[in-house]
Every structure is written in C-alpha cells, then in structure tokens.
Amino acid sequence: MKVWNFRVQSAPMFCSYDLHNHSTASDGTLQPAALVRLAVEAGVEVLALTDHDSTEGIEEARQAAVSAGITLIPGAEISVTWNKQTLHIVGLNLDIACGPLQQGLAGLRAFRERRAREIGERLERAGIGGAYAGARALSNGHLISRTHFARYLVQVGAAVDLRQVFKRFLVQGKPGHVAGQWASLEEAVAWIHAAGGQAVLAHPARYNLTRSKLRRLLREFVALGGDALEVVSGSHSRDDYQVMARYAREFGLLASAGSDFHSPENPWIALGRLPQLPEGCRPIWGDWPALRQAPTFAQAH
Ligand code: AMP
Ligand code: MN
Ligand code: MN
Ligand code: MN
C-alpha cells in the first residue's frame, strides 16, 4: 500500500526532487536505467535526466522509471557560449520529439566531434598520444566530452585525477584547450521552449562571474523568457544557495534543485542528497502535472 499520508505529515529531510543528472549518454558513468535504480535507492521521487547536448538516454530512463514507480523528467543540459564564456542551460520537461530541439542538439554534437579531434591533435603536439582514440573508446559510441579525455589522461598516468587533468590540460591557456563555439543563450532558450520545456540556468555560482556580470546575464536570461535558476546544486556551497535564492526572487525566476551527479566515483556529489530549497523560493515543480497525477491520500484508500 502507498504511504502518501505519511509523506504529507512529515517533511522529508532531503528534497525528493533531483533535476540535474548525467548518464552514459553524455559524461556520466551509469547507464540510464542504473541511474534510475540509484535514484530510487536514494529516495528520489522525481528525477530529471539532463545529459549534455543529448536526449539519447531518455527512453531507457523513462522505462526504468515506470518500472520503479518514480517520475522521470526528460531533460538536457545545453552548452551555451555567452560573452566568450561557456554556460549551461538545463531544459526540463522536454518533448524530445521536437525537431528544432533535436536539430540544435545535433549541431552541438557536431561541434563536439570537431573539438574532440582538435583536442586530440593538440594533446599529441604536447606529447600525449592516442587521446582522441582513448576518449572515443571511453565514450562508447556516445558524444565525447572533456570528461572522457580527462578519464583517459588519468588512465595513462598523465595526471592523478580528473580535477588535475582539467587544470593542467583542458582549460584556457593549457595545451588541450579548444574554445567553445556552442549555442547562443537565445537559441538554447528557444529550443527548450519549442519543446514545451522550462529553461534553467544551471549552477550559476560555478561561472565565477562578477556581481554585475551575473546581473547582466540574469537580465538577458529573463528577457529571453528564461524560467528558473538552479539555486540548489551539488556544486554550490550553502552560501551559494542563499545568494542564488535572493537572485531568483529579485529576478522573478523559479528555483530548481539538482545534484549534477555524474558517477558514484565522485563521492562529493551524491545523487538525491539535496537540501530543501531556501525559504521564499518558488519551486520550478510548483505547477507540474506529474504531481497532480500522483495518487492522493483519498485515492490511495
Ligand atoms: P564539456 O562539456 O565536454 O566541455 O565538458 C564539461 C564537463 O567536464 C562538465 O560537465 C563536468 O562534468 C566536467 N568538468 C569540468 N571541469 C571539471 C573539473 N575541474 N573537474 C572535473 N570535471 C570537470
Ligand atoms: Mn558533465
Ligand atoms: Mn554543467
Ligand atoms: Mn551537469
């Protein structure tokens, strides 16, 4: 028997929504179905799969979620270039059959392929051979991200962990860096809206923007019809939650929460262990029909 009455009486210690996650369809290490199983174990009731520039994992995740009795939100994390800076816009509740969305994502994946070859050539010139082939093999037929290069470079002993690979090889000014040529902010929001989804500025505290630049970004995002700010993120500090909650209120944005889980090997970002949104936030899931479809106390009896 369902215990919905129990759920409404006691507020959960953790948010049961986790709206930002990766699978093997991009740079996560779990297959979509395995990700869903882990989410269930972690007590997540509403899970979004938001792979980078791809919705390839959605069908498998959806089927696994149906068997497990949790809600799967179809999503994607779209790579954007804004003022020479890379930003990530998470789209939630996407109709993945939407043509403009899929054409947009295909363009980004085509850039990923060109970039991967270029990263491989640059690393070759820096004395590290076989990186493109290595990253290609690790991506297992899916898109190639810098994470795949990082995993390969750790395997061959070029660095001790992913963090060190990024710092030494893959960021601006380092031998394997290639500048992003991603979607514009306007395109990303438009594709998401064309697919009936909501656009969320992902992990806003991670971009190290000055306050004035962040305000400019938020103004532009709102003007383009952006819907929400990811207030609670696995890569945010407690202070960041409060700061971003204030920005969400000030700019009239909804608030989202997601772990940005990639792999069980990253113990610092666990799936589903997210705190509740700070007081005063309007949750992005406030008017989601999935909640209305959930059996009520009365129906469960
Ligand atoms: P890409 O979209 O291919 O440029 O790769 C970006 C991904 O690399 C992010 O989504 C993270 O998963 C990962 N990443 C970025 N910076 C770091 C870092 N310093 N340490 C570990 N992973 C990182
Ligand atoms: Mn990633
Ligand atoms: Mn991201
Ligand atoms: Mn992410």
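Exposed here means over 50% relative accessible area, buried under 20%, and partly exposed in between, with a 1.4 Å probe and protein chains only. This is a predicted model, where local features need pLDDT of at least 70 and side-chain atom pairs count only at pLDDT 80 or more, while totals for chains, interfaces and linings use all residues. Residues are numbered from 1 along each chain as its sequence is written, chains are lettered from A and ligands numbered from 1 in the order in which they are written, and side-chain values use heavy atoms, with hydrogens and water left out.

**Helix 3**

- Turn to the buried side of helix 3 and you'll find Ile 58, Ala 61, Ala 64 and Ala 65.
- Those four cover an arc of only 130° around the axis, which puts them on the same side of helix 3; the arc is taken from the directions running from the helix axis to the C-beta atoms.
- Helix 2, strand 2 and strand 3 (71-82) are what these buried residues of helix 3 pack against, with contact meaning heavy atoms within 4.5 Å.
- Helices (H or I, at least four residues) and strands (E, at least two) are DSSP runs, numbered from the N terminus.

**Helix 2**

- Helix 2 spans residues 32-41, and its buried residues are Pro 32, Ala 33, Leu 35, Val 36 and Ala 39.
- Looking down the axis of helix 2, the buried residues fall within an arc of 155°, so they line one face of the helix.
- Arg 37 and Glu 41 sit exposed on the other side of helix 2.
- The cover over the buried residues of helix 2 includes strand 2 (46-49) and helix 3 (58-68).
- Gly 43 follows helix 2 and has a positive phi, near 85°.

**The manganese ions**

- Ligand 2 is a manganese ion held by Asp 27 (OD), His 52 (NE2) and His 262 (NE2), at 2.1 to 2.2 Å.
- Donors are N, O and S atoms within 2.8 Å of the metal (3.2 Å for Na, K and Ca), and sites may look incomplete because water is not among the atoms.
- His 52 lies in the loop between strand 2 and helix 3, and His 262 in the loop between strand 7 (254-258) and helix 11 (289-293), so the pair ties together parts that are 210 residues apart in sequence.
- His 52 is buried at a relative accessible area of 7%, and His 262 also counts as buried, at 15%.
- Ligand 4, another manganese ion, has His 20 (NE2), His 22 (NE2), Glu 77 (OE) and Asp 260 (OD) as its protein donors, 2.1 to 2.2 Å away.
- His 20, in the loop between strand 1 (17-18) and helix 2, and Asp 260, in the loop between strand 7 and helix 11, are 240 residues apart; both are buried.
- The manganese ions numbered ligand 4 and ligand 2 are 4.6 Å apart, while 5.6 Å separate ligand 2 from the manganese ion numbered ligand 3.

**Ligand 1**

- The residues around ligand 1 (a heavy atom within 4 Å) include Asp 27, His 52 and His 262, along with Arg 112, Ser 145 and Phe 166.
- An oxygen atom of ligand 1 lies 2.6 Å from a polar side-chain atom of Arg 115, and for Arg 146 the distance is 2.7 Å.
- Taken alone, ligand 1 exposes 500 Å², and the protein buries 78% of that; these accessible areas come from the Shrake-Rupley method with a 1.4 Å probe, and for residues only the protein chains shown count as cover.

Terms used:
A polar contact is a pair of N or O atoms within 3.5 Å; within protein, one must be able to donate a hydrogen and the other to accept it, and residues adjacent in sequence count only if both atoms are side-chain atoms.
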